[in-house]
Amino acid sequence: MYETLLLKQSEIKQLIEMNEVIESVETAYSMHANRRVQMPAKKYLFFKKYNGDLRIMPCFVKDMDQAGVKCVNVHPSNPLDHDLPTVMGVIELFDPKTGFPISVMDGTWITNMRTGAAAGVGTKYLARSDSTSLGIIGAGKQAFTQLMALKEVMNIENAKVFCRTCKSRENFAKLANERFGINVKAVETAEIAVKDVDVIVTVTPANKPILKAEWISEGTHINAMGADAPGKQELESALLKKSKVFIDCWEQARHSGEINVPVAEGILTRDDISAKIGDVIIGKNPGRVSDEDITIFDSTGLAVQDVITAWKVYEKALERGIGSNINFLD
């Protein structure tokens, strides 16, 4: 009998740790760089009257024989207006031999974790090896998984966090201190958060730049994680121009990543991009060249990250007997 394994978020949280997700995301970038992935750029449905959108993200990892699709929304008004997460998703995994849906699982936690893991991979390959200080812009759930990942790849001695809501940033700092024992300080402006730090992560839904070029010190690495739809931008275009910019995928980045606005305005071109992060990982292109470089990783989120991570979750669920089964064909 063919059955589909159903996995809830609470079950997925039992099955995978951040270090495993970082490993999956690094593998995903390598597979993409080696052209072992069939993966169209994500497609969007825009719900303008509700200030939200839905993205469809399919992928087939040829060498690993893993296929799947993620449907994920972004509705920034959800937490305040509906008591729902800004980002929610569902992932469906398929047997490539038959097309049978072998698993349907929550994609919300996997999205949060693999987005954090992407910053971890970017920092591992692009930041200075002696980096110890961190600035975080944004204090939502995805900001927390950024911190989870970054503590796996760097020795964080101190960190600062800023978001527009005072209570949110103070709660974030308190929870981070309690959960990880990291000295995180809530600060009053974005400028204070990013001044004189080694690594920065931005994870906001901003449509106008919130980081200025003049605030950023030489040698800083920036993970630009928030821009994920056309028109979104967290970094001043002048900052992108003075930095070495790395992307995950040109088609997605130019359409909806951090570079989408300056590319549309003709300020940046493909020639201004240093490399894909996957090409740095496999040694095809250099990453940071000197300690003075300002490096930026523009992460748009690739379906291959979701599929490889979700497949690991699926295999571990089978091993441990976690989840429930349903026969959709019955």
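**View 1. Salt bridge between Arg-55 and Asp-228.** Arg-55 and Asp-228 form a salt bridge with the closest N and O atoms 3.3 Å apart (salt bridge: a side-chain nitrogen of Lys or Arg within 4 Å of a carboxyl oxygen of Asp or Glu). Arg-55 lies in strand 4 (residues 52–61) and Asp-228 in the loop between strand 12 and helix 8, so the pair ties together parts that are 173 residues apart in sequence. Helices (H or I, at least four residues) and strands (E, at least two) are DSSP runs numbered from the N terminus. The model is predicted: local features need pLDDT of at least 70, side-chain atom pairs count only at pLDDT 80 or more, and totals for chains, interfaces and linings use all residues. Residues are numbered from 1 along each chain as its sequence is written, and side-chain values use heavy atoms, with hydrogens and water left out. Arg-55 is buried at 3% relative accessibility, and Asp-228 is buried at 15% (buried: under 20% relative accessible area; exposed: over 50%; partly exposed: in between; 1.4 Å probe, protein chains only). A network of salt bridges links Asp-53, Arg-55, Asp-228 and Lys-232.

View 2. The unreviewed UniProt entry places the feature "active site" at Lys-70; UniProt positions are given in the numbering used here, feature names are shortened, and annotations may be inferred rather than shown by experiment. Lys-70 lies in strand 5 (residues 66–74) and is buried, with a relative accessible area of 1%. Its side chain meets that of Asp-306 in a salt bridge (2.9 Å, N to O). Asp-306 belongs to helix 12 (residues 303–320) and Lys-70 to strand 5, so the pair ties together parts that are 236 residues apart in sequence. Asp-306 is buried, with a relative accessible area of 1%. The side chain of Lys-70 also makes a polar contact of 2.9 Å with the side chain of Thr-111 (polar contact: a pair of N or O atoms within 3.5 Å; within protein, one must be able to donate a hydrogen and the other to accept it, and residues adjacent in sequence count only if both atoms are side-chain atoms). Not counting residues up to four places away in sequence, Lys-70 touches residues including Arg-55, Met-57 and Arg-114 (contact: heavy atoms within 4.5 Å).

**View 3. Arg-114 and Ala-227, two annotated binding-site positions.** The "binding site" feature of the unreviewed UniProt entry covers several positions, among them Arg-114, Ala-227 and Ser-299. Arg-114 is part of helix 4 (residues 108–126) and is buried, with a relative accessible area of 5%. Beyond residues up to four places away in sequence, Arg-114 touches Lys-70 and Asp-306, among others. Ala-227 sits in the loop between strand 12 (221–224) and helix 8 (237–241) and counts as buried at 1% relative accessibility. With residues up to four places away in sequence set aside, those touched by Ala-227 include Thr-204, Lys-232 and Ser-299.

**View 4. Thr-204 in a loop.** Thr-204 lies in the loop between strand 11 (199–202) and strand 12, and counts as buried at 15% relative accessibility. Its side chain makes a polar contact of 2.7 Å with the side chain of Glu-234. The side chain of Thr-204 also reaches the backbone nitrogen of Ala-206 at 3.3 Å. Leaving aside neighbours within four places in sequence, Thr-204 is in contact with residues including Gly-226 and Ala-227.

**View 5. Thr-295 in strand 15.** Strand 15 (residues 295–298) contains Thr-295, which is buried, with a relative accessible area of 0%. A polar contact of 3.1 Å joins its side chain to that of Arg-288. The side chain of Thr-295 also reaches the backbone oxygen of Leu-126 at 3.3 Å. Apart from neighbours within four places in sequence, the contacts of Thr-295 include Thr-220, His-221 and Phe-246.

**View 6. Salt bridge between Glu-26 and Lys-124.** The closest N and O atoms of the Glu-26 and Lys-124 salt bridge are 3.0 Å apart. Glu-26 lies in helix 2 (residues 18–33) and Lys-124 in helix 4, so the pair ties together parts that are 98 residues apart in sequence. Glu-26 is buried, with a relative accessible area of 15%, whereas Lys-124 is partly exposed, with 45%. The structure holds 14 salt bridges.
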